Every structure is written in structure tokens, then in C-alpha cells.
Amino acid sequence: MPRPQIYALLPFLLLLFVGTVCGAMIVPFMGFFIVEGLGHAPWTISIYAGALSCLAIVINRRFARLIDRGESAFPLIGIALGGYLVASFALSILPAFWTVLTFGVIGFGLSASAVSTMFSLGGSLAEQHQIERSRFNAFMRATTSTAWMVGPAVSFLVADQLGKFAVFRVGAALALVWLALWWWIAPRDATANSKDKAVKDGCEDHANPGLWFAAAFVFCLSSAHSLTFSALPLFYVQEVGLPGYAPGVAFSVKTFVEVLAIFSTPRLIARFGIRAPLIATALFAVVTIHILALVQTYPQMLVGAAMEGLYYGLYASLGISFVQSHAEARPAHATAIYWNTMMISGVLAGPAVGLIAQAYEFRTVIQIASLVALFAAAVLLFSPRRFKMSTSSPP
């Protein structure tokens, strides 16, 4: 990618980074806040998570339709940002469970659409600046991964040093920075490049089996990752006997390797296409997750974390390009399906981990995740190759 083109889109990546940090501060913290901060039973987390996920999925689909119809993404990002501000301010002033289930669900549910909208807009900006979409996807995925390194660490550090309620005040303050960046950086009139209205109207209800096969693959491999991600910290500490700081170190190693892997995907796509590297990545995920279940020492944990970061970084960047390659005339619709699928797999993983671990152990959860990854590889291997790919997407 020529340097002037990188510099032209750096402000957009900064906007994406700050918005993702805001979300990453809240998503992993809310369950902890409901139980430790408000004193409610752990099962009440599912009420909040279920309501928020349902709203977020509906909003993502609605916003995707608007973008595919040629509406500007600028006000949609503003709505997501506004929802985050309202929810964080409300919880700063009235930190109660009813506030979580009202302002929290609605506000954070709206804000969950920001990343999907930004990725849809990013694809359009990449084309305008004559950048390969797969290459800019890699930059956006690396940006979001880096933001996820920062967000959870900030929220739990603030909770430990300043108190649990202070997290929402810090989140609201950071959202004001997000607001300023949105106002000054986000293009007012940028729309997704789509076909003429007749084509779009014809595709509105058109079946796209290739897209749904791609979504099924993403759901399976994301579920495998979510099961592993949820089970590993407790597995390392409770069953392997590693020190309490070990999961944090493992997460840092994983994320560092993940970002490096993301930047290698454009070359892989240019050399081999999308399907073959994805199959190899899925099979590597099977092996990696199985190895994670066998970890017994600290050095083994570090090796496993690096392998996990490698497969997930490749999958994160290849996966969204794979789904977008089946977009036809509705790129935002495909992007929304990708993010909704990721969200659903994460929501379902939490209860599944609890049930399996209660009946067996956390090692069993990870072993089952390896089988889920194998099923994901099978979905991709046996899905028909005849499905048409969008010409605006990566080769």
C-alpha cells in the first residue's frame, strides 16, 4: 500500500480505535459489574447479555440495509456513539440493575453497531483510495485487536484503583473524545459503493446460499474460539495450577501474535485466494486448541498462546474477507452478518462453558472446542465451490 494512501486513512483508523476501546472497556466488564458491583447472582448476567445481543443484532441488520441502500454512514455512527454516551452517563449517575437493563441495554446495544458500520464504511473508503479491500480489512482488524488489548485492561485497572462505578465515568469521558473524532474525521457523505437501485431492490430478498455457508463457517470457528477464550483462564489457574497472572500474560502473547498474523493475510489472499488459507487455518485451529488442552507448564502455555494468536489472527482477517466475498450487491449486509455471527457465538459460549465445566472440567470444554473447530473445517471443505463471489471483494 503506498504511503500517501496509508496516511490518508490514518484518521479513520484512529476513529475506529477509540470507538472500539470504548466498547472493549464495557463488554467484558458488565458481567463483573453486575455480580461484584451490584451484588446480583451470576445468572442475571444472561438477562442483560441476551437482551443486549438481540437489540444489537436487530440494529446491525437495520443499519446494514440503510448503508446498502446508499444512506450515509455518518449519522449511523453518531447514533451508536450517542447510545454509548447515554448509557455510560446513566450508569455513572444511577448505578443500579434497573439502569443496566434499561439505559445499559438500549445504549450499549446501539453502540454495538459501531464496529460493523465502520467496517462497512471502511470498505467503501478503501475503494475510493484504490486500496485492496482485503488489505484495508487487515488494517482495520489489527486496529480493533489492538483496541481490545487496551480496553479491558483500562476498565479493570480503573475498577481496582478508583472503584467499579468509576469505569462508566472514564468510559463517558473517552466517549467525548470519540464524539470529537467522529465530528471532525468521519466523512459526512460517504456511502457504500453498491449497484443501482433496481439491482439493490432485486437483491433485497434474493437468497444467497454462499453467504450463509460462509456465515455457518464463521459461527463454528468463532464458537470454538469463544469456548476456548472463556475456559482457558480458569483452566490455567484452577486445573493446571499456574499463577493468577498467567492468563493475562497468555492473552498479551496471543494478541501480539494475532496482530502480526493479521498483516500477513493480504499476501496470503493474493497468493492463494481466500478458501485454501481458511481451510489451513481451520485445521491449524483444531491442532492448536487440542494442544491448549494439554498444557501443563508455564512455557507450554506461552507456546500455546502464540499458536492461538497465529490461528485467530489469520482467521479474523480471512474470515471477514471470506464473508464479504459473497456480498453480491449488499456489502454492508454481509459485514453485519459477520459481526452478528461473532456476537451470537460469544453469547452462547458463556452458558455452554458453565454447563460443561460443571458436569466435567474446563479441560473438557477446550477439548470440545477442538471438535467444534474440526466441524468448522468440515463445513468449509464440503461447502460447494460454485457460489458466486462479489467482484468488489478480494479475489
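The legends below describe close-up views of a predicted model.

In this predicted model, local features need pLDDT of at least 70 and side-chain atom pairs count only at pLDDT 80 or more, while totals for chains, interfaces and linings use all residues. Residues are numbered from 1 along each chain as its sequence is written, and side-chain values use heavy atoms, with hydrogens and water left out.

**View A. Aromatic pair of F119 and W339.** The two rings are edge-to-face, at 5.1 Å centre to centre and 65° between the planes (rings of Phe, Tyr and Trp, the last by its six-membered ring, pair if their centres lie within 6.5 Å; planes under 30 degrees apart are stacked, over 60 edge-to-face, the rest tilted). F119 belongs to helix 5 (residues 114–128) and W339 to helix 14 (residues 331–359), so the pair ties together parts 220 residues apart in sequence (helices are DSSP runs of H or I, at least four residues, numbered from the N terminus). F119 is buried at 0% relative accessibility, and W339 is buried at 15% (buried means under 20% relative accessible area, exposed over 50%, partly exposed in between, with a 1.4 Å probe and protein chains only).

**View B. Aromatic pair of F139 and F263.** Ring centres 5.1 Å apart and planes at 75° make this pair edge-to-face. F139 lies in helix 6 (residues 133–162), and F263 in the loop between helix 10 (246–262) and helix 11 (265–272), 124 residues apart. Both are partly exposed: F139 has a relative accessible area of 22%, F263 one of 38%.

**View C. Aromatic cluster.** F29, F33, F156, F165 and F168 form one cluster. The count of aromatic pairs comes to 21.

Terms used. Helices (H or I, at least four residues) and strands (E, at least two) are DSSP runs, numbered from the N terminus.
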